[in-house]
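Hi,

Here is the structure we talked about. My notes follow below it; please read them with the model open.

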Amino acid sequence: MSVKERYELAKKQYEAWGVDVESAMKTVTNIPISIHCWQGDDVTGFETNDQELSGGIEVTGNYPGKATTPEELRQDIAKALSLIPGKHRLNLHAIYAETGEEKIDRHQLKPEHFKNWVAFAKEHGVGLDFNPTLFSHDKASDGLTLSHPDKEIRDFWIEHCIASRKIGAYFGEELGAPALTNIWIPDGYKDVPSDRLTPRIRLKESLDRIFAADISAEHNLDAVESKLFGIGSEAYVVGSHEFYMSYALKNNIMCLLDTGHYHPTEMVSNKISAMLPFNDILALHVSRPVRWDSDHVVAFDDELKEIALEIVRNDAVDRVKIGLDFFDASINRIAAWAIGTRNMMKALLFAALMPNNHLKKLQDEGNFTERLAIQEEFKTFPLGAIWDYYCEQENVPSGTDWLKNVQKYEEEVLSKRD
Ligand SMILES: C[C@H](O)[C@H](O)[C@@H](O)C(=O)CO
Ligand SMILES: [Mn+2]
């Protein structure tokens, strides 16, 4: 049976429940995913200071073919984009600046150091998002940055964050859609602190100075990302969820929720509807924590589907900015992007193909038996047939054909890298 024939049969099955399949595909295709560049080179970046990855995050694995130059990374991203349906965004960190031979420290970074990325974004029709990098640096070697007791160190990172917001605004202006500039810091302590408050007050003051810099809200949107713990900050993280949720609300900036940054049974899917009544927009880093914030490639699992449902059935596709955050160096890195991003899109399609209004009505009527029965039955509805057809409509490989494409690229390009 052809992809089209399978699609027509599946479509009838969904339509019997009042689901408009074509409109579901349209909804999904208009949701941009911010794809993180750092999966392609294990969060290394292109600075010339040879700093080890720090900040309490870890990349494990040594799969061959890692991108080691900006050109290689862009070539790999272009390959990944050709395998993913929809129009997306690319998320950069400050360590992906191209400063040539010159040693430019992070507080001196300028939009011009990202002009090649802007050219790439224009060529591929993608938007750009940005992150200051407050790790893998001498001035973050004790794991403290914006909350550091030493004012000179705080000032350095404040300048870096302001420079980053300017770079975000440059992206937004050049590409005609605002960039999301997200601040995540590693600050915290390995062991029980003797003072939890002072570092948080210092962080608040640093953020106040960063956001006091007048940067066009038309071109740049600000976000802050919390964390529960990191390697070396197990006992205490300065920028905790409550800290940033309060800061974001009070200062009208975005709170970014990373799915790996909470207690193992605390679900981001359950936080979205709790925060939407109080926030115009929210941002996500969708990741897959396995026992800890391990940043595994996003799988098509229950939590991913639940996150997608919360966005789609609550009409929040313009209010929840979806970004990805995983880095696995034990598998082909282009496959990692393709698997994780296709799964995010597939989960959104799953959500858009649910009889959401009917299910909401059942809940209000107190008909929990039928609510559960339908939710369960839809788990085995022929989503794959709609997904394959959708991929073909979007001119990207359907089924497992994308994998052959990656294997060929590995043979022809990746295997020839040093
Ligand atoms: C590269 C990092 O994953 C990223 O900046 C941050 O978002 C994070 O999640 C740290 O755990
Ligand atoms: Mn993150």
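The largest nonpolar core has 117 residues, and Ala308, Ala338, Leu348, Leu349, Leu353 and Ile386 touch the most other members. Such a core is a set of buried Ala, Val, Leu, Ile, Met, Phe, Trp, Tyr and Cys residues joined through C-beta atoms within 7 Å. Helix 10 (residues 333-352) gives the most to this core: 14 residues. Helices (H or I, at least four residues) and strands (E, at least two) are DSSP runs, numbered from the N terminus. Alanine 308 is in contact with Ala347, Leu348, Phe350 and Ala351, leaving aside its neighbours within four places in sequence. Contact means C-beta atoms, placed from the backbone, within 7 Å.

This is a predicted model: local features need pLDDT of at least 70, side-chain atom pairs count only at pLDDT 80 or more, and totals for chains, interfaces and linings use all residues. Residues are numbered from 1 along each chain as its sequence is written, while chains are lettered from A and ligands numbered from 1 in the order in which they are written.

Next, the annotated site. The unreviewed UniProt entry has a "binding site" annotation on His261, Asp293 and Asp295. UniProt positions are in the numbering used here, feature names are shortened, and annotations may be inferred rather than shown by experiment. The three are spread over 35 residues of sequence but cluster in space, with a largest C-alpha distance of 10.0 Å.

Aspartate 293 lies in strand 11. Aspartate 293 counts as buried because 23 other C-beta atoms lie within 10 Å. The cut-offs: buried is 20 or more other C-beta atoms within 10 Å of the residue's own, exposed is 12 or fewer, partly exposed is in between, with C-beta atoms placed from the backbone. Leaving aside neighbours within four places in sequence, Asp293 contacts Gly260 and His261.

Aspartate 295 is also in strand 11. Aspartate 295 is buried, with 26 other C-beta atoms within 10 Å. Not counting residues up to four places away in sequence, Asp295 touches Gly260, Ser287, Asp325, Phe326 and Phe327.

Strand 11 (residues 292-296) pairs with strand 10 (residues 288-290) in the antiparallel sense over two bridges. Pairing requires at least two DSSP bridges between the strands. Arginine 288 stands opposite histidine 296. The two strands form a hairpin with one residue between them, and arginine 291 in the turn has a positive phi of about 70°.

Last, the ligand. Residues around ligand 1 include Trp38, Trp184, Asp293 and Asp325; the criterion is a C-beta atom, placed from the backbone, within 6 Å.

Best wishes

Note on methods. Contact = placed C-beta atoms within 7 Å.
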